[in-house]
Amino acid sequence: LGERGGRLLGAESAGGRTGIGRRLLQAAGVGLLTLGGVWAFSQAMAPKLFVATARLRLDPPSVAVDLGKAGGYDPYFIQTEFEVIRSLVGLRQVTERFGLAKAAEAGASMTPEQAPAWLRERLRVTQYRNTSLVEVQVAAGKAQLAAELANGVVDVYLERSRARRSDKGVKERDLMERAAQKRQFEAEQIRAGRLD
């Protein structure tokens, strides 16, 4: 097998070797060792990143009397909520809450406008297949910071979601009350018409 490998690389039979095959093998070995050394050095010098994960269940809002939607199913709900989670408005609240602009892990401080973009680059939102469960991952140079930011993103999303739903609930109640008043007024009109 060794002789066959040598012949494939251009060496002659065992009696009269030219040395070309041996040189090629030596060059390939040195090249592999060099590449391995460069890779090991880059891994040793690369900054360590810690990834923290927070899980979240996205429940679609309960649909009140909305005649425009058949059954109240919204096929874009999950994708819409992903964008809400990743929105710079929400991420700005997270960065302000943790003072991320002042305590930049990259060494140089960031402006309050740069901090949400920095967080968005390190944020990953994924859905568990065929469920409403979502995983929010944040990568940072410190484990504690990564965990605080991942939990902060989820907390801010939940706070904003509750506020949106309560606002929507108030609007829905107002619409329902107006509709009930309109029906009552129409019923009174009908009664008055019958009496006339």
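1. The chain contains six helices and three strands, where helices (H or I, at least four residues) and strands (E, at least two) are DSSP runs numbered from the N terminus. Read from the N terminus, the order of elements is α-α-β-α-α-α-β-β-α. This is a predicted model, in which local features need pLDDT of at least 70 and side-chain atom pairs count only at pLDDT 80 or more, while totals for chains, interfaces and linings use all residues. Residues are numbered from 1 along each chain as its sequence is written, and side-chain values use heavy atoms, with hydrogens and water left out.

2. Of the 196 residues in the chain, 24% are buried; buried means under 20% relative accessible area, exposed over 50%, and partly exposed in between (1.4 Å probe, protein chains only). The accessible surface is about 14300 Å², and carbon and sulfur atoms hold 57% of that area. Accessible areas come from the Shrake-Rupley method with a 1.4 Å probe; for residues, only the protein chains shown count as cover. Among contacts with a separation of 6 or more, 66% link residues 24 or more positions apart, contact meaning heavy atoms within 4.5 Å.

3. The strands pair through E3. E1 and E3 run antiparallel and are joined by eight bridges, with Thr53 opposite Gln137 in E3. E2 and E3 are also antiparallel, over five bridges; here Leu123 has Val138 in E3 as its bridge partner. Two strands count as paired if DSSP finds at least two bridges between them. Five residues separate E2 from E3 in a hairpin, and Asn130 in the turn has a positive phi of about 60°. Because seven of its eight residues are buried, E3 is largely enclosed by the rest of the structure.

4. The largest nonpolar core has 29 residues, and Leu58, Leu119, Leu123, Leu149 and Val153 have the most contacts inside it. Such a core is a set of buried Ala, Val, Leu, Ile, Met, Phe, Trp, Tyr and Cys residues joined through side-chain atoms within 4.5 Å. Elements that each supply at least two residues of this core include strand E1 (50-57), helix H5 (114-121), strand E3 (133-140) and helix H6 (143-195). H6 gives the largest share, eight residues. Apart from neighbours within four places in sequence, Leu119 is in contact with Leu91, Val94, Thr95, Val138, Leu149 and Val153.

5. There are four salt bridges, each defined as a side-chain nitrogen of Lys or Arg within 4 Å of a carboxyl oxygen of Asp or Glu. One of them joins the side chains of Glu135 and Arg55 (3.4 Å, N to O). Since Glu135 lies in strand E3 and Arg55 in strand E1, this pair ties together parts 80 residues apart in sequence. Glu135 counts as buried at 14% relative accessibility, whereas Arg55 counts as exposed at 58%.

6. Another salt bridge is formed by the side chains of Glu83 and Arg120 (3.9 Å, N to O). With Glu83 in helix H3 and Arg120 in helix H5, the pair ties together parts 37 residues apart in sequence. Glu83 is partly exposed at 45% relative accessibility, and Arg120 is partly exposed at 27%.

7. On the surface, Leu9, Ile20, Leu24 and Leu25 form a nonpolar patch with about 350 Å² of accessible area together. Patches are made of residues with over 30% relative accessible area and no salt bridge: like charges are joined within 9 Å, nonpolar side chains (Val, Leu, Ile, Met, Phe, Trp, Tyr) within 5 Å. Ile20 lies in helix H2 (residues 20-45) and counts as partly exposed, at 46% relative accessibility.
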